[in-house]
Structures are given as C-alpha cells and as structure tokens.
Amino acid sequence: MADKNQVLAQQILDAVGGEDNLVNSTHCATRLRLVLKRSIPDAHKKVAAIDGVVTVVENNGQFQVVIGNNVGEVYKSFEALTGDNANADLQPESENKGTIVNRIVATMSAVFAPFIYILAAAGILQGLLIVINLIAPAFKHTGTYEVFNFISWAPFTFLPIFIAITASRHFNVNMYIAVACAAALVSPDLTGIVSKIQHGESVNLFGIPLTETSLYVIGVTTITISVDPFLC
C-alpha cells in the first residue's frame with residue numbers, strides 16, 4: 001500500500017498534467033519546485049486543495065508547491081514517479097518561458113535552492129562562534145573552536161561541487177564531468193599553486209603566467225562549459 005508521501009506525489013503529478021507535462025523538478029527546504037511545459041488552467045486550485053499541500057506559488061516560470069519539512073520525502077516519491085526527470089531535456093513552450101530575467105532567476109533558484117539551507121546553517125554556526133568569541137575571547141584558542149570553525153566553513157569551501165551537481169541536474173548534462181571540473185577548485189594542489197604565486201614564484205600555463213584570479217576564472221569557466229546544455 002502506498003504511503004502518504006507517494007499518494008501526495010501522485011496527486012500533485014496528476015493535477016499538473018502528468019509526467020508528459022513536466023520539464024524539471026527540484027526542491028528546497030519546504031517547496032517542491034516544478035517547471036511545466038504548458039500551464040494547466042485549474043492546476044493551481046487543484047494542487048492547493050490537496051491534503052498535505054500548504055499553498056501554491058507560481059513565480060519566475062516555476063510552479064512551486066509549498067509542502068513543509070517533509071518535502072524531501074515527497075520529492076523522492078515524485079522523482080520515482082517521473083523517472084528522475086525523464087523530460088528534463090524538453091523545453092517548455094514559448095508562452096511559458098517568461099522574460100529573460102525571469103528565466104535567469106528561475107535557473108539560479110533551481111541551482112541554489114537545493115542546498116541553500118545548508119549554507120544558512122553554516123552561516124548561523126559561524127555567527128554563534130563570533131558571539132561566543134566576543135563573550136569569551138579565550139574560546140578562539142581551543143580545539144572546540146577549531147573543530148566547529150572548519151565545520152562551518154566546509155559548505156562554502158566545497159560550494160563549487162554543490163553548484164556543479166545541481167547545475168548539471170538542472171541542465172540535464174553529465175554530473176560527473178561537472179563535478180570533476182569543480183573539484184579542481186577545491187583541490188589541495190590548487191592551494192599549493194596559489195601559495196607559490198603568493199610567494200613570488202612564476203607558474204605558467206602554456207607559457208602564460210598565472211595569477212590567483214586567473215586560476216579561479218579558469219576553473220569557473222571550465223565548470224560553466226561542462227554544464228552548458230548546448231555542448232551536451
């Protein structure tokens with residue numbers, strides 16, 4: 001017998017026109033975010049009336065279903081029904097694309113929304129450490145501070161990999177290629193090269209001197225190319 005999350009996922013999918021009308025699906029901390037091929041006139045009302053749905057928001061080309069903290073489980077059931085976004089390579093009809101600005105915002109949302117709560121939690125932890133240091137300055141020199149400090153910075157350190165994963169899923173390209181390119185930005189070897197440059201040593205790429213900025217630009221450009229839908 002299907003559990004409540006499976007039932008909810010099936011009801012939402014049916015209300016928005018089924019799998020054939022789905023372009024892409026992601027989720028954030030509380031919302032199931034869908035991109036549809038075409039608008040269904042009464043989809044908003046039908047989905048909002050489903051038991052387990054808080055409300056529905058249509059914004060920036062996305063059909064956002066507010067579910068709550070259990071959205072992750074509902075998304076797993078939804079993903080199982082749709083075959084891991086089998087229609088993600090399809091593009092929505094022109095009338096549903098909106099302006100270029102809206103499409104850019106929708107893309108940024110799809111890329112950052114899945115892990116934004118992780119960055120928020122890391123930021124809160126950093127804030128707590130700052131407050132504790134103001135109250136007890138000696139705390140900064142303890143092992144406890146060092147452990148929690150590197151934990152709070154870890155999501156930001158590996159942010160390029162998070163972006164590579166979500167961007168590759170959004171554009172429906174090879175995730176492993178994107179992650180491999182992003183991993184270069186967090187590689188200890190890159191830190192070593194940057195350290196050499198900072199100490200005045202010359203590091204060349206095909207005879208061209210590298211700087212700290214150029215290394216990062218090369219990495220970001222490589223990730224961008226690797227997830228470009230027109231190249232895959």
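The buried residues of helix α1 pack against β2, α2 (43-48), β4 (62-66) and α3 (71-82), where contact means heavy atoms within 4.5 Å and buried means under 20% relative accessible area with a 1.4 Å probe, protein chains only. This is a predicted model, in which local features need pLDDT of at least 70 and side-chain atom pairs count only at pLDDT 80 or more, while totals for chains, interfaces and linings use all residues. Residues are numbered from 1 along each chain as its sequence is written, and side-chain values use heavy atoms, with hydrogens and water left out.

The residues of α1 that are buried are N5, L8, A9, I12, L13 and A15. They lie on the same side of α1, because they cover an arc of only 165 degrees around the axis, the arc being that of the directions from the helix axis to the C-beta atoms. At the start of α1, the backbone nitrogen of N5 has a side-chain oxygen of D3 within 3.1 Å, and after the helix comes G17, whose phi is positive, near 105 degrees. Helices (H or I, at least four residues) and strands (E, at least two) are DSSP runs, numbered from the N terminus.

C28 counts as buried because its relative accessibility is 9%, and, when neighbours within four places in sequence are left aside, C28 is in contact with R33, V71 and A113.

Key:
Buried < 20%, exposed > 50% of the residue type's maximum accessible area, 1.4 Å probe, protein only. Polar contact = N/O pair within 3.5 Å; in protein donor to acceptor, adjacent residues only side chain to side chain.
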